[in-house]
Amino acid sequence: MFAFLQKLFIFKVFQPFFTGIRDFFIPSSYFSWKTMIYLSLFSWLMSWLAFGLEATRFTVMLLTSFSWLFLSFGVGWGLQANNVKLFGIPLAPWVAGAILCGFIFGLIPGDQQELAIVSWPLISALIIIVPQFLTWDGNVKIPPPMTRQQVILIFLISLLLSSWLQFYFRLQNWFDDYPSLMAESFDGSGFVYRVPGRTAPLSDGVALLTLTESALQRELHNRPWSGVERWLLNINDQLVSLRREIRDRLVSPSREQRFWRIDVRPVTASNGYDLKLQAIWQGPTAEPNGYYLERTCQLTRVERPATGPATGLTPGPATGLAPAAGVAPAVATGTTPWSNLECDLQTERKTGRPA
Amino acid sequence: MPFADFFDELGVLPLRAIAFQSLLLLVAIALEAIILRQRLRIGYRPSAQYAATLNLLATSLGWLTFLSLEPLTPEPFRTQIISYILFNHFYFNEWAGNLPIVLILAGIISFFATLWIKLKGLEWLLKLLGITPIEEPEKDPILSRKERYELARRGRQEKGTTSTRTVAVLEANAVSFTAILLLLLLRDAIESTY
């Protein structure tokens, strides 16, 4: 008895809550946005049922299409009925437009994300505009001049919004074409803005320098010194073939490759040379005088026993047959000069042009 | 942090362009509304609406022109456009010498293109709104042969054949272009001092 009372009491307390839930889920009239949402859910479930029963593709498509349409109209209607606003702008057409866009461009095969987002304002504007030209019984009507003026303004504003979105995607295209631009600072720009706190990615020139470095390792590391000297003497011709080789070895030759100029500058050091590997950027940049990336490599001369590869002490230059002629006179002295190439790990970014 | 990842995914946003264009549009619409109201003797509300319609139309068409022409431009010129948009200055390449001329030409062409768009736009807007022409078309008085000859000889200028509407739109366009140019120069001046 006591328990029963308690139950009753709890029921009494929670009754408004239950009625609230009931009122929320059951539409007050058939002609309401909740009916639309239920219709959408119903056709969505039916489309799964049809899919499970292996109905024709057409049936499934028809059911999902209806589900999408009911959903967008239901959500739009609901937002409109409850007068949901963001900064004084009614949200209904924008949300309904977004759902419709997702549906329409989901139907078209391929990646249509960009097209969907760009046409979103236009479709939302159509959602606002079209009802102004229709009467309740579906006939075409001509709205009063005041509404016509508003309709024109709404259409033009949505066209402008669409242009801005398209401009955003155009910017991303530019960064796809010229990835190194992403590493720049956009503080001086009158158009674009990068959300602060984001680290700028590495410039593509670093990858180019790494390729140059590995090519140089192959050419100049563990070689007889005389051959290295000859290579350096002839550096301009060597650079031509080096540049061609680097261009061929790039995995994805992007459009910006023509903005990079690879240069190798030997500077005499105490025991050999310092090689300055430079990637000079010749494209658009925030720096008024341009910039270049530089990595320094030490090309040093090491003395090795003349017998060379046969001793097994040196990590053998297995292909060391060609420079045999240059080595020959040194055999008598007991040691021959060989080269050793070591590169710094970091790449420096310097402004201006290399001297 | 997923929010930061979201921004990272978005990359570089044209927020400054949007903010500055909104400002320029507001200034242009305000100035043109004043001029249209005075010249065409219409109320505050319609003059603001006409000015907003004309400027939004010209801006949208300008964007569409830019977005459709940009991929067609030759590569060296395209990269100069990219340089200007991203870094606010041009860089040195084979086009660098021609750019001042190109800029001035682009300015002049855009002025006349905007003027034409606004004139046509106002004509169509009034037609769509079903408004009778604002200025009464002056009835050609029946002229003698000599008078007509005199008129043709003077280029018919004093007779007011250029309608009030054309003059109003021309003046509005000139004022808004001047204001925009001043604002752009002001922005550059402020940026160069910091």
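Me: Two strands pair if DSSP finds at least two bridges between them. Which strand of chain A pairs with strand 6 over four bridges?
Reply: Strand 8 (residues 348-351) of chain A does, in the antiparallel sense. Helices (H or I, at least four residues) and strands (E, at least two) are DSSP runs, numbered from the N terminus. In that pairing, A:Leu293 stands opposite A:Arg349.

Me: Before I go on, what am I looking at?
Reply: This is a predicted model, in which local features need pLDDT of at least 70, side-chain atom pairs count only at pLDDT 80 or more, and totals for chains, interfaces and linings use all residues. Residues are numbered from 1 along each chain as its sequence is written, while chains are lettered from A and ligands numbered from 1 in the order in which they are written.

Me: Back to the strands. Which way do strands 5 and 6 of chain A run?
Reply: Antiparallel: nine bridges join strand 5 (residues 272-281) to strand 6 (residues 291-305). A:Gln278 stands opposite A:Glu294 of strand 6 there.

Me: And how many bridges join strand 6 to strand 7 of chain A?
Reply: Nine, with strand 7 (residues 335-343) running antiparallel to strand 6. A:Arg301 faces A:Ser339 of strand 7.

Me: Helices now. What does helix 4 of chain A pack against?
Reply: Its buried residues pack against helix 3 (57-81), strand 2 (89-90) and helix 5 (113-132) of chain A. Contact between two residues takes C-beta atoms, placed from the backbone, within 7 Å. A residue is buried if 20 or more other C-beta atoms lie within 10 Å of its own, exposed if 12 or fewer, and partly exposed in between. The buried residues of helix 4 include A:Trp94, A:Ile99, A:Leu100 and A:Phe105.

Me: What about helix 3 of chain A, what does that one pack against?
Reply: Helix 2 (33-52), helix 4 and helix 5 of chain A, through its buried residues. Among them are A:Leu63, A:Trp68, A:Phe70 and A:Val75. After helix 3 comes A:Asn83, with a positive phi near 55 degrees.

Me: How far apart are the end C-alpha atoms of helix 3 of chain A?
Reply: 35 Å, which agrees with the 36 Å that its 25 residues should span at 1.5 Å a residue. The expected span is 1.5 Å times one less than the number of residues.

Me: Which strand of chain B pairs with strand 3 of chain A?
Reply: Strand 1 (residues 12-13) of chain B, in the antiparallel sense over two bridges. A:Arg194 has B:Val12 as its bridge partner.

Me: Is B:Arg41 buried or exposed?
Reply: Exposed, with 12 other C-beta atoms within 10 Å. B:Arg41 is in the loop between helix 2 (15-40) and helix 3 of chain B, and its phi is positive, near 55 degrees. Most residues other than glycine have a negative phi.

Me: Last one: where is confidence lowest in chain B?
Reply: In helix 6 (residues 145-153) of chain B, at a mean of 67, while helix 3 (residues 44-69) is highest at 94. That is pLDDT, the predictor's confidence in each residue, from 0 to 100. The mean for chain B is 84. For the complex, the predictor gives an ipTM of 0.84 and a pTM of 0.78.
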